[in-house]
Amino acid sequence: MKGGKTLAIIGIIITIFGVIFHLQGHSIIGPESSFMYSNPNWVTYGMQMAILGIIILSIGIIIFKKN
């Protein structure tokens, strides 16, 4: 049961960071002095991280519900 909760928490954290990186790449949040600000690479990296976080979160929820 602890494994499912841990995976869910990790998935949430990764998803949040992915969304933040995505928004920084789009120049929506963050300081203008950041290397991520207005950088199209970080739009892609952020989206990939958010998708990975959602996958990990889903696996954690499935494991948690099975136990």
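Figure 1. S27 sits in the loop that joins helix 1 to helix 2, where helices are DSSP runs of H or I with at least four residues, strands are runs of E with at least two, and both are numbered from the N terminus. This is a predicted model, in which local features need pLDDT of at least 70, side-chain atom pairs count only at pLDDT 80 or more, and totals for chains, interfaces and linings use all residues. Residues are numbered from 1 along each chain as its sequence is written, and side-chain values use heavy atoms, with hydrogens and water left out. The phi of S27 is near 65°, a positive value in a residue other than glycine. Most residues other than glycine have a negative phi. S38 is found in the loop between helix 1 and helix 2. The phi of S38 is positive, near 60°. With a relative accessible area of 48%, S38 is partly exposed.

Figure 2. Helix 1 covers residues 2–25, and its 24 residues should span 34 Å at 1.5 Å a residue; the expected span is 1.5 Å times one less than the number of residues. The end C-alpha atoms of helix 1 are 35 Å apart, which agrees. The buried residues of helix 1 are G4, A8, G11, T15, G18, F21, H22, Q24 and G25. An α-helix has 3.6 residues a turn, so residues three or four places apart point the same way. Helix 2 (40–66) is part of what covers the buried residues of helix 1.

Figure 3. T15 lies in helix 1 and counts as buried at 17% relative accessibility. Leaving out residues up to four places away in sequence, T15 touches A50, G53 and I54; contact means heavy atoms within 4.5 Å. H22 is also found in helix 1. The relative accessibility of H22 is 18%, so H22 counts as buried. With residues up to four places away in sequence again left out, H22 touches W42, V43, G46 and M47.

**Figure 4. A nonpolar surface patch that includes I16.** The patch is made by I9, I12, I13, I16, F17, I20, I28 and I29, and has an area of about 690 Å². Patches are made of residues with over 30% relative accessible area and no salt bridge; like charges are joined within 9 Å, and nonpolar side chains (Val, Leu, Ile, Met, Phe, Trp, Tyr) within 5 Å. A salt bridge is a side-chain nitrogen of Lys or Arg within 4 Å of a carboxyl oxygen of Asp or Glu. Accessible areas come from the Shrake-Rupley method with a 1.4 Å probe, and for residues only the protein chains shown count as cover. I16 is placed in helix 1 and counts as partly exposed, at 46% relative accessibility.

**Figure 5. The protein as a whole.** The protein has two helices and zero strands. Its radius of gyration is 14 Å, well over the 11 Å that the globule rule gives for 67 residues, so the protein is more spread out than a compact globule. The radius is taken over C-alpha atoms, and the globule rule is 2.2 Å times the number of residues to the power 0.38. Along the principal axes, the C-alpha atoms fill a box of roughly 45 × 15 × 15 Å. Of the 67 residues, 27% count as buried.

Terms used: Buried < 20%, exposed > 50% of the residue type's maximum accessible area, 1.4 Å probe, protein only.
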